[in-house]
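Visitor: Please take a close look at one single part of this protein for me, and then relate that part to the rest of the fold. I would like the cut-offs spelled out as you go.

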Amino acid sequence: MRRAMKRAAGNPLMMFFLLFIITSGLLHSAYAQSSMARDDTVKVLQERIRVLEERIETLENQIPEMPGAGSSEENQALLSALKSQLTALAEEVESLKLALDMQQERMARVKVSGEERVRFMNIDTDGAQAIGAYDEELKQETTFKYYLRMETSVSISENLIAGARLRLTNVDKTILDLGPEYLSRQEGSAFLKYARKEFNGIIGAYDIHLTPFTLMRWDQEDNPEGGGEAGGGCLPCGGIAGAIPRESLEELTPVLSFEGARLNGMVGDFVDVVAFYARPLHPGSKQYRQHIVGARAKLLSYHRPSTSFRHLGLTVMTVRDEASSIFLRLSSSPPALENNILGVDVHVPVSEGFLLRGEWTYTEVTLDSVKAGRERYDGHGLLVGFKLQYPVTFLKLRCSYVRLDSTFQSAYRAVSYVGNRHGIRASLTLEIPRWNSSVSAFAKIMKAIDAFDPEKADLNKDPILLKKDLTETFYTGSLGLSYNPVKNVLIRPSVIYRGSRGDTKGIAREVKDDTYFYIGELVFTLHKDNEFIIRYQYIKAKDKIDPSLDYSAETLFTLFSLRF
């Protein structure tokens with residue numbers, strides 16, 4: 001260890017990496033010790049009670065065996081001493097049982113959970129426009145970021161729970177505002193929850209996700225493993241509320257977090273209902289406060305052959321910027337957004353291992369600006385596909401057709417669904433238990449519905465044209481391998497391809513570019529929910545029309561991830 005520290009002293013990056021490993025180990029050890037301490041307290045009390053009860057039983061058995069009990073003063077004194085000792089021991093047992101009950105009640109009433117991620121990352125790039133595997137902008141830099149979220153809840157009564165979410169991070173607030181947690185304060189939030197068997201309601205901070213087109217952060221089925229489209233964009237020009245920049249430490253899941261109120265429960269035996277209200281800051285403009293009101297009803301029906309449920313879902317939702325939340329609106333102020341959303345989705349298991357799914361969504365958006373007045377657009381989104389598993393655990397195949405109109409606008413849809421595109425996507429996963437490995441492949445081909453025509457575009461009158469694509473066809477593909485050479489170690493090499501082909505119709509030139517992402521991951525599972533990840537990524541982008549736009553980049557990061 002001393003020799004390693006000596007070598008590291010001359011290399012700041014190596015020194016930081018070594019300190020990172022030591023600190024991560026200490027954090028994990030401290031958490032493990034605190035959990036063991038709580039458990040040990042209960043075990044010590046239980047063992048102490050057991051020993052005392054055995055002593056009481058022994059003393060009680062000795063009383064009848066005393067020769068001539070009660071026939072002399074000496075025996076009377078001895079008997080009195082034994083009874084006094086029994087009384088003292090019984091009182092101590094009762095005291096310990098009370099302490100045990102209080103300790104167990106305290107452990108049951110107070111629950112602490114959370115997650116922590118610590119990342120050291122180095123980026124080397126020779127291009128000013130380098131883009132990472134998640135569509136994030138890359139810059140030459142070395143960074144250290146940490147993120148800790150801890151949730152503490154206390155049971156006030158059988159049905160009432162009060163809690164707080166605390167957040168500690170050195171990630172900038174402008175990055176946190178891009179999601180998935182849309183909280184009013186960087187430090188965290190609080191909540192009050194009322195839960196019964198039939199329904200539960202929560203006021204304050206809560207988690208929620210619905211469908212990919214209506215309310216969701218990340219849809220893994222629309223992206224390859226280890227990458228995807230997550231650039232987001234500005235809401236008035238058809239983008240998405242939020243993005244995943246390089247500074248972010250989020251773990252990609254469908255869940256979004258808001259502050260407001262949520263109520264969900266069952267109506268009868270077959271209708272699942274959720275209604276919610278949220279009041280986030282507009283993620284795009286950072287100026288307006290928003291009102292989000294929505295509800296979803298899901299009709300369930302059990303399908304015995306597949307041992308799963310069919311469902312038909314209906315979602316209604318409104319996202320509205322509050323224009324009065326800006327003290328003074330100027331002509332340069334971003335337009336206020338009103339976004340109405342209506343969606344229908346179906347989930348139909350046909351047999352064991354075969355599933356049909358679909359979603360149709362209608363959206364209406366109104367832009368209210370000081371300069372241009374009110375303008376209204378509407379659009380449609382469609383997703384139909386199937387999922388096949390055969391045999392049930394070894395082979396998984398998914399295939400879907402996706403279409404989003406150029407005027408489709410759903411502010412909080414999953415970040416990889418870009419408007420003005422339609423096409424197909426497919427993914428395949430093959431498990432190979434004999435070799436402790438799996439192989440995965442992904443392909444997506446999307447075509448622009450409306451190409452940008454500069455001769456017809458009037459951006460002052462039609463700002464929605466800002467998001468119409470200059471290129472015509474977009475390609476994404478990946479191939480990856482997961483291999484467990486030994487217990488708690490996972491090796492994941494993969495390659496991702498992203499390219500586009502098209503004609504910009506006289507604006508500048510033909511489009512023909514290709515980008516390859518070569519990724520290697522080494523994952524060490526330290527505990528059930530604790531991982532240490534080393535990820536290397538090499539990027540090579542080539543523009544076959546304009547070589548000056550070529551670039552290459554390398555990223556290397558170490559990530560310690562802990563859940564408790």
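Guide: Leaving aside neighbours within four places in sequence, Ser248 is in contact with Arg119 and Ile175, where contact means heavy atoms within 4.5 Å. The model is predicted, so local features need pLDDT of at least 70 and side-chain atom pairs count only at pLDDT 80 or more, whereas totals for chains, interfaces and linings use all residues. Residues are numbered from 1 along each chain as its sequence is written, and side-chain values use heavy atoms, with hydrogens and water left out.

Ser248 sits in the loop between β5 (199-208) and β6 (256-267); strands here are DSSP runs of E of at least two residues, helices are runs of H or I of at least four, and both are numbered from the N terminus. Ser248 counts as buried because its relative accessibility is 14%, buried being under 20% relative accessible area, exposed over 50% and partly exposed in between, with a 1.4 Å probe and protein chains only. A polar atom of the Ser248 side chain lies 3.2 Å from the backbone nitrogen of Glu250; a polar contact is a pair of N or O atoms within 3.5 Å, where within protein one must be able to donate a hydrogen and the other to accept it, and residues adjacent in sequence count only if both atoms are side-chain atoms.

Not counting residues up to four places away in sequence, Ile208 touches several residues, including Pro254, Val255, Leu256 and Phe276. In soluble globular proteins, nonpolar side chains tend to be buried together.

Ala414, in the loop between β13 (395-404) and β14, is buried, with a relative accessible area of 0%, and its C-alpha lies 9.2 Å from that of Asp222, although the two are 192 residues apart in sequence. Asn420 is found in the loop between β13 and β14 and has a positive phi near 65 degrees; Asn420 counts as buried because its relative accessibility is 0%. Asp135, in the loop between β1 (110-125) and β2 (141-155), has a positive phi near 70 degrees and counts as partly exposed because its relative accessibility is 29%. Pro180 lies between α4 (173-176) and β4 (188-195), and the peptide bond that joins Gly179 to Pro180 is cis, with omega near 5 degrees.

As for confidence, pLDDT, the predictor's score for each residue from 0 to 100, averages 79 for the protein, and 70% of the residues score at least 70. Over residues 232-239 the pLDDT is below 50, and this stretch has 24 contacts beyond near neighbours in sequence. Where pLDDT is low, the predicted coordinates should not be read in detail.
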